[in-house]
Amino acid sequence: MTANVPLPTYMNGSSIAGLLGISPAHTLSTDGETLFVVGVTQSELDDAMVIYYADQETYYIEPLREGRKAAFSAQVYSFISDRYSVQTQQMFQALLTEASITGLTNRMTYIQQLLDWVKTVVSANIATDDAIDAAATPEQIEAVSIDLSPFEATNPNITVKGALAIVD
C-alpha cells in the first residue's frame with residue numbers, strides 16, 4: 001500500500017516519517033509534485049500531515065535551524081582543523097601547560113595568539129547560530145551564511161617548532 005499527498009512546500013521527510021513511526025529512507029519518495037509513502041494508509045498519512053502542518057515550527061523550522069547550525073559548526077571545525085590539526089592543537093595545549101607551569105611567559109604569549117584567533121572564529125560561529133535562532137522563516141534561516149575568509153588574514157600561523165624555540 002502507498003499513500004500520497006501533494007508535496008509540502010516545506011518538507012522535512014524525517015519529521016513526517018517520525019509522525020508515521022516509519023523509516024524515511026525506505027518509505028518516502030517524491031516525483032517533484034507528490035509525496036509518496038509506502039507502508040501506511042491514506043488515512044494515516046492524512047492524519048500525520050494535519051499534525052505536521054499545524055506545527056511547522058516543531059516539524060520543519062526547528063530541524064532546519066538545527067541542521068544549519070550543525071553544518072556551520074562542522075564548517076568552522078574543519079576550517080580550524082585544516083590549519084591546525086587536532087594533533088598540533090594537542091601539542092600546543094601541552095606546550096602551553098608546560099609554559100604555564102615553568103613560567104615561560106614568552107612561549108605562553110606566542111601560543112596565546114592561536115587561542116585568540118580560534119576564539120574569534122568560534123565567535124563568528126556563535127553569531128551565525130544566533131542569527132539562525134532569530135530567523136523566523138525558512139527563507140530567513142536559509143539566507144544566513146558564514147564567511148570565514150577574513151580569518152585567513154588574521155591566522156597567526158604559529159608552529160610547534162616556533163613554540164619550542166622559545167625558551168624565554
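At what angle do helix 5 and helix 6 pack, and how far apart are their axes? Before I answer, please keep in mind that this is a predicted model, in which local features need pLDDT of at least 70 and side-chain atom pairs count only at pLDDT 80 or more, while totals for chains, interfaces and linings use all residues. Residues are numbered from 1 along each chain as its sequence is written, and side-chain values use heavy atoms, with hydrogens and water left out.

Helix 5, residues 86-102, packs against helix 6, residues 105-134, at about 145 degrees, and the axes are 9 Å apart; axes here are lines fitted to C-alpha atoms over the stretch in contact, with angles from 0 to 180 degrees between N-to-C directions, and helices are DSSP runs (H or I, at least four residues) numbered from the N terminus.

The structure holds 6 aromatic pairs, counted when ring centres of Phe, Tyr or Trp (its six-membered ring) lie within 6.5 Å, with planes under 30 degrees apart called stacked, over 60 edge-to-face and the rest tilted. The rings of Tyr84 and Phe92 have centres 6.4 Å apart and planes at 65 degrees, so this pair is edge-to-face. Tyr84 is buried, at 3% relative accessible area, and Phe92 is buried at 2%, where buried means under 20%, exposed over 50% and partly exposed in between (1.4 Å probe, protein chains only).

Methods:
Helix = DSSP H or I, 4+ residues; strand = E, 2+ residues; numbered from the N terminus.
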